[in-house]
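I am keeping these notes while I look through a protein structure, writing down what I looked up and what I found. The sequence and the structure come first, and my entries follow.

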Amino acid sequence: MTLASLVLGGRAAIRETTIYTLIDATLDTAIILEGLPDGHSDLDALAPNSKLKIARIAPGCMCCTGNMIMRVTLNRMLRDKPARLYISVANS
């Protein structure tokens with residue numbers, strides 16, 4: 001079973017900082033991020049980590065008609081059976 005958390009609203013950098021503070025380094029974690037950070041992201045420092053997988057999706061693509069990009073990305077992330085899944089979505 002994968003515990004999922006949806007992080008909504010605000011700027012991408014704020015959502016990513018929130019996720020960064022919640023990550024447990026001992027658990028396999030998958031993160032799907034909508035949009036690009038405004039400059040530096042705290043998650044960038046964690047990228048070379050075997051327990052962490054991060055995917056970025058262009059702004060607005062999560063909720064497009066048919067949402068194919070989201071479904072494909074989510075299926076790829078869940079194939080590895082992570083303990084935690086964070087999905088970061090803009091509020092627009």
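In which sense do strand 1 and strand 4 pair, and over how many bridges? I looked this up first, keeping in mind that the model is predicted, and I found that strand 1, residues 3–8, pairs with strand 4 in the parallel sense over six bridges. As one example I noted A4, which stands opposite L85 in strand 4.

Next I turned to strand 2 and strand 4, which pair in the parallel sense over five bridges. Here I wrote down I32, whose bridge partner in strand 4 is I87.

I then wanted the whole sheet, and I found an open sheet of four strands in the order 1-4-2-3, with parallel pairing. Strand 1 and strand 3 are the edge strands, since each pairs on one side only. Neighbouring strands of this sheet are turned by 15 degrees against each other on average, if direction is ignored. My reminder to myself is that strands of a sheet pair through backbone hydrogen bonds, either parallel or antiparallel.

For the chain as a whole, I counted two helices and four strands, and from the N terminus on these elements run β-α-β-β-α-β. Of the 92 residues of the protein chain, 35% count as buried.

How many residues of strand 4 are buried? I found that six of its six residues are, so strand 4 is largely enclosed by the rest of the structure. R84, Y86 and S88 point one way from strand 4, whereas L85, I87 and V89 point the other way. This made me recall that in a regular strand the side chains alternate between the two faces of the sheet.

My last entry concerns helix 2, residues 68–78, in which M70, T73 and M77 are buried. These residues cover an arc of only 70 degrees around the axis, which puts them on the same side of helix 2. The general rule I noted beside this is that an α-helix has 3.6 residues a turn, so residues three or four places apart point the same way. On the face of helix 2 turned away from its buried side, I found the exposed residues M68 and R76.

What covers the buried residues of helix 2? The cover includes strand 2 (29–34), strand 3 (52–57) and strand 4 (84–89). Helix 2 packs on the sheet, and its direction makes about 175 degrees with that of strand 3.

Conventions. Residues numbered from 1 in each chain as written. Predicted model: local features only at pLDDT ≥ 70, side-chain atom pairs only at ≥ 80, totals over all residues. Heavy atoms only, no water. Buried < 20%, exposed > 50% of the residue type's maximum accessible area, 1.4 Å probe, protein only. Arc of directions from axis to C-beta. Contact = heavy atoms within 4.5 Å. Pairing = 2+ DSSP bridges. Axes fitted to C-alpha atoms, helices over the stretch in contact; angles between N-to-C directions.
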